[in-house]
Amino acid sequence: MTKQRMEFKAETRQILDLMIHSLYSHKEVFLRELLSNASDAIDKARYESLTNKGILEGDGEWKIKISADRNTGALTVSDNGIGMTRDEVIQEIGTIAHSGTRDFLAAMKNAGRNENTELIGQFGVGFYSSFMVADKVTVISRKAGHDAGSGVVWESSADGSFTVEDVEKQQKGTEVILHLKEDAKIYLDEWVIRDTVRKYSDFIEHPIVMDIEREEESSIKKEEKIKVTSEETLNSRKAIWLKQKSEVTEPEYNEFYRHISHDFSDPAKVIHFRAEGASEFTALIYLPSQRPADIFFRDYKFGPALYVKRVKIMEHCEELVPPYLRFVKGVVESSDLPLNVSREILQSNRHMEIIRNNLTKKILDTLDDMKKNDYGNYLKFHGSFGRVLKEGIHFDFSRREAIAELLLFHSTKEDGEKLRTVADYAAGMKEGQKEIYYITASSIGEAENSPYLEAFRVKGYEVLIMLDDIDDIVMGSLEYKGKRLKSVIKGEVALDSGDKEEKEKHEKAYKELLEVIREQLKDDVKDVRLSGRLRDSACCLVADEGDMDPQLEKILRQMGQEVPERKRILEVNPSHPLLRVMNNFLAEKKESLLLGEYISLLYDQARLIEGSKPKNPAAFAKTIVKLMVEHSAPKHD
Ligand code: ADP
């Protein structure tokens, strides 16, 4: 096929534009990105060669080579990895707008000047960072196992388009040639290259080599210097997870984290250990500090990378950790698994199960330790991932109490700076208290001002405040140390048994009134009853015990989901003077028009309190105004 010119997608053009015009610092990260791509390409080839020797083409000596040509100003990174077909080149580095591109552009807009280069690696736009230092980039690639004639040359000057052309390429793999800009020629310097490799890519396990020219004394003529070229390996190649903890510095851990996670911030915690016993493995696990934007997406890829005997088997091995720990990043290497392990084998493998259990325990223990001994750091972590961790209560029955203890909540009981846990709550429970009370709300303010808490406050019961959408489903199903968690906005509340006598008295006094209210509101509410949770407010609406949480209903509706209208229960406060007033109306005249208006107002008020509109706002306003006028009118009798 002849040379073909194609256009970049609009988003890719924007990325390129940014690379060329807006990024000034840390330009050297382009090399990290290219070496990382080359290393991935070799991993892929090596893994595939386990089942298909043909793609080796007799060359299994994996290598990444950097060449600097001072005469032409070209810097080349080449690998003998998997390579790309013509279509793949066009797809992967040509027209495709990577899914992360839009997020990247948005993040760049918000980022400060110094942060912005850190973002490059994060969104899979690594290759384009070449244009920070080069005004033209040429990629020559040929897929491993295909014939030499199927090579392809891709070239672009980042001017909105690129070209592709067929070419013959003997060696499998990819060569990326950067035609360096004048001010980027320093990257041809041997020591700059060495430093950059050591700083960002030292742990890459494949050798990164370069031809080094040295002057040596001639062995024939002692005084004469001759130039000798030899290939030197620039990286130490030691897989960081196989090193002793004491051999690895914090910056090294952090750099490796950036390499595997594409996250530019430092991790919240590093867990590095070697397990011995029934199953031997090494794990380097990171707890990130920032939540990735797509962690709640259905297709979010998670799990540490899996290595078997130094061979990378899988980038994300979901079998290694349960989904509620999907925020962790890292590497696990085992020598007990077969090299040609498949997904099906992984799912039923005994070693995998041991590793997963072991990792899960280690991660939960580490979080517990952080919570106890590094609270500030834990609080930040919890802000990012508490909502994910919480899913474990639902899905990991045997560990649900341990997970529950890791969750932090606001509460009606202040505890200085610290948030509360169910364990704190349980420790401070009143004698005879059987349930752990919580309220779901959309904000702390809303919860704190809620009339649903009145009686709990007066009687000194703590109520946990839950703000996550899944709280009612997840936390509501929890039993912690034999104590059920109970929502204060659902079902009946009876705080003290001492109230019983008074309750019976009230039941008798208001029996008829309740019936009248019930009859008038029969289309709007399920039932009308006296409340055990109100002190100052006259009324409120509550959901029935088994009904969906009103907070969750609201969220689902906002998300555009259809949620059937469910009738609530109207609770009225028997100690409120309003009820006495209404009872008097009733005693005077059964069919009182005024009583009817009061009942409507009562119901509408209850709706307002829970954050809904009155049933008929215009009528509501009219009745209020009428009563206000009547109240202020001079009395004639
Ligand atoms: P990322 O590596 O994060 O996916 P890049 O823009 O760096 O993003 O690369 C895009 C894609 O191009 C890679 O996912 C890979 O498929 C392909 N690619 C890049 N460099 C190479 C290489 N040296 N060998 C084979 N494929 C490569």
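Helix 2 (residues 29–49) packs against helix 5 at an angle of about 65 degrees, and their axes lie 9 Å apart. Axes here are lines fitted to C-alpha atoms, for helices over the stretch in contact, and angles run from 0 to 180 degrees between N-to-C directions. Helices (H or I, at least four residues) and strands (E, at least two) are DSSP runs, numbered from the N terminus.

This is a predicted model: local features need pLDDT of at least 70, side-chain atom pairs count only at pLDDT 80 or more, and totals for chains, interfaces and linings use all residues. Residues are numbered from 1 along each chain as its sequence is written, and side-chain values use heavy atoms, with hydrogens and water left out.

Which residues of helix 2 meet helix 5? They are V29, L31, R32 and L35.

Nine strands form an open sheet with mixed pairing, in the order 1-6-5-4-7-3-2-8-9. Two strands pair if DSSP finds at least two bridges between them. Strand 1 (4–7) and strand 9 (225–233) are the edges, each pairing on one side only. Neighbouring strands are turned by 25 degrees against each other on average, direction ignored.

Helix 5 (residues 190–201) also packs on this sheet. It touches strands 2, 3, 8 and 9. Its direction makes about 145 degrees with that of strand 8 (208–217).

Definitions and conventions
Contact means heavy atoms within 4.5 Å.
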